[in-house]
Amino acid sequence: MLIDNTISSVKNRDYINSIDVFTGQNYTGLQVHADPGLDLWDMAVFWDGATDDAISSHCFSSNAYCPS
């Protein structure tokens, strides 16, 4: 499923792996980290409010291809 520029909140329901969300495709651009079980209700509070609905990719910490 393509999430390009449609996400305004993050709910990490995985209680083992963290998740990183990115404004660019393929784990590029600005990044926000969500620890296991963390909810980020309003992405507009990150990046000076300029990028609400701008998340384009995500990566769980269990994925070996995630940038470190």
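Colleague: How much space lies in the largest pocket?

Modeller: This is a predicted model, with local features needing pLDDT of at least 70 and side-chain atom pairs pLDDT 80 or more, while totals for chains, interfaces and linings use all residues. Residues are numbered from 1 along each chain as its sequence is written, and side-chain values use heavy atoms, without hydrogens and water. A pocket is an open set of points on a 1 Å grid over the protein atoms alone where a 1.4 Å probe fits, with protein on both sides within 12 Å along at least five of seven lines. The space in the largest pocket is about 190 Å³.

Colleague: Which elements give two or more residues to the lining of the largest pocket?

Modeller: Lining residues have an atom within 4 Å of a point, and here they include I3, K11, V21 and H58. Strands are DSSP runs (E, at least two residues) numbered from the N terminus. The elements concerned are β1 (10-11), β2 and β5 (57-60).

Colleague: Which residue stands opposite A34?

Modeller: β2 and β3 pair in the antiparallel sense over 5 bridges, where pairing requires at least two DSSP bridges. They form a hairpin with 3 residues between them. Opposite A34 in β3 stands I19.

Conventions. Helix = DSSP H or I, 4+ residues; strand = E, 2+ residues; numbered from the N terminus. Points joined across faces, edges and corners; volume = space filled by probe spheres on them.
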